Amino acid sequence: MNSDVKLTKFLSTLQMWTQKIRAGELAARIPVSSESELSDLSQDINFVAEMLESLSRDAEIQLQRHTEHIARKNKSQETLYDVVTSINMSRNVQELLTHFLHTMKELVDARGAAVFLETKKDTYALIAEVGMEAVPKNELPFLPEDVPDSSEGRTVPIRVVPCPDQTSQDIFNGEILSVLIVPLQYRGKILGVYNLYVEEDKFKKDSECKELFTSMGRHLGIAVEKARLDDEAKALSIMRERTSIANELHDSLAQTLASIRYQVRVLDETIHQGDEAATWQELERIESTIDEAHTELRALIAHFRLPIGERSLTVSVEQVIERFKQDSDDIQVYLQKEWPDTMLPPQIELQVLRVIQEALTNVRKHSEAGTVRVLMRGDGGGRYTVLIEDDGTGMTDLQKQNGAGEHVGISVMQDRANRIGGTLTVDGEPGEGVQVRFEFNYLPGSAQDNAQHEMV
């Protein structure tokens with residue numbers, strides 16, 4: 001066979017190989033020619049083909065790894081989004097922590113998992129567990145490494161420790177495992193911890209999962225801290241309301257009942273003396289005092305049960321004044337409204353309503369007034385004034401010096417004013433009545449507005 005024919009045959013083989021390569025058959029090779037002048041060229045072409053196949057295989061592996069990396073990233077972002085959304089929507093911390101206990105377990109294919117919350121210093125309570133039904137309820141959690149108090153704000157790292165042999169035998173049939181410790185943290189404080197029982201050393205190589213779990217621990221730590229602060233705020237609010245109720249009872253009904261008790265003793269002595277006229281007089285006095293106690297009780301019920309609800313503040317004030325008129329036939333009441341239509345936060349409206357109620361109660365009980373005026377005024381600049389003034393007996397210099405009025409609710413009204421950043425002043429002269437002035441500022445969209453809405 002002459003050289004031209006051999007070359008033509010080689011070129012035809014090369015063309016077929018090229019077509020296979022273009023069709024994606026990267027494993028295709030050309031026969032190595034026995035002719036010395038074409039043998040080296042055939043081997044070089046096959047070497048290039050092997051390199052091309054190897055590069056293609058590496059590219060596929062890298063693409064697969066990159067795809068898996070993106071999938072894990074997306075999964076991490078979806079999980080964190082789920083955490084944030086659940087924190088904003090959930091009202092129950094235990095349900096929140098239990099939900100993400102299952103999520104974490106699935107992410108690392110853990111054999112078992114448990115979550116604990118700190119109830120007091122160095123004391124933890126088991127909140128939930130999965131895959132660990134045999135775990136004792138008083139089981140102590142595995143904790144992260146101690147963080148110095150001076151490192152507030154530092155992120156506490158997650159930790160992986162060997163699972164104790166006894167725990168492995170009791171719960172996981174002797175399987176060799178590691179314990180993944182995910183702290184629930186807030187500003188360097190450990191508020192709780194997740195314990196996940198995973199295959200030995202499986203988690204140490206997964207840096208992305210470490211970042212995800214660290215972020216989850218920080219977000220859930222914020223949720224735990226927020227729940228605790230909410231509980232403390234509720235407890236403080238309840239304490240304030242209880243103090244307010246106690247003040248009201250002490251300054252009104254308790255004193256009246258004490259007076260009845262004293263009058264009953266006087267009646268007993270009068271009956272023993274056999275003075276019928278004096279006995280009837282004491283009975284009428286007791287009956288009058290009981291009527292007063294009944295009036296005070298009705299006022300207290302109205303005071304603590306009257307909600308604003310969907311009604312405007314001015315409508316609620318009108319109802320308070322109407323109730324006052326029913327209980328005080330001999331006192332004329334005038335309401336002057338210069339109040340804008342701006343909707344105030346419920347917390348502010350409630351304090352305004354309560355101050356008016358308490359001021360009117362003081363007028364009925366202590367002033368001996370014939371007329372009382374209630375003025376409600378507000379302007380476009382966010383300045384509000386509530387004025388309650390009467391024409392009663394007023395206040396003496398001695399009463400002013402001694403802080404008189406504490407027993408009639410002035411301190412309670414001042415506390416209500418302070419809650420919304422307002423001021424309350426009480427002034428009066430002997431025989432010239434008393435004036436209660438309550439002033440505060442409010443602008444929608446201000447920092448105070450946001451704070452008031454958070455208090456509700």
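Thr214 touches Thr155 and Ile158, leaving aside residues up to four places away in sequence. The model described here is predicted. Thr214 lies in helix H5, which covers residues 207-251. With a relative accessibility of 18%, Thr214 counts as buried, because the term applies under 20%.

Five strands form an open sheet in the order E2-E1-E5-E4-E3, and their pairing is antiparallel. Strand E2 (123-130) and strand E3 (159-162) stand at the edges with a single partner strand each, so one side of each has no neighbour in the sheet. On average, neighbouring strands of this sheet are turned by 25° against each other, direction ignored. Within the sheet, strand E4 (residues 177-186) pairs with strand E5 (residues 189-199) in the antiparallel sense over 10 bridges. Ser178 stands opposite Val198 in E5.

Aromatic rings are a further topic. The structure holds 6 aromatic pairs, including the two in the table.

| Pair | Distance of ring centres | Angle of planes | Class |
|---|---|---|---|
| Phe172 and Tyr197 | 5.1 Å | 40° | tilted |
| Phe438 and Phe440 | 5.5 Å | 40° | tilted |

The pair of Phe172 and Tyr197 links distant parts of the chain: Phe172 belongs to helix H4 (residues 165-172) and Tyr197 to strand E5, 25 residues apart. Phe172 counts as buried at 8% relative accessibility, and Tyr197 counts as buried at 3%.

Phe438 and Phe440 are both buried. Ring pairs also join Phe438 and Phe440 with Trp339 and Tyr384 into a cluster.

Methods
Residues numbered from 1 in each chain as written. Predicted model: local features only at pLDDT ≥ 70, side-chain atom pairs only at ≥ 80, totals over all residues. Heavy atoms only, no water. Pairing = 2+ DSSP bridges. Helix = DSSP H or I, 4+ residues; strand = E, 2+ residues; numbered from the N terminus. Axes fitted to C-alpha atoms, helices over the stretch in contact; angles between N-to-C directions. Buried < 20%, exposed > 50% of the residue type's maximum accessible area, 1.4 Å probe, protein only. Contact = heavy atoms within 4.5 Å. Phe/Tyr/Trp six-rings, centres within 6.5 Å; stacked < 30°, edge-to-face > 60°.
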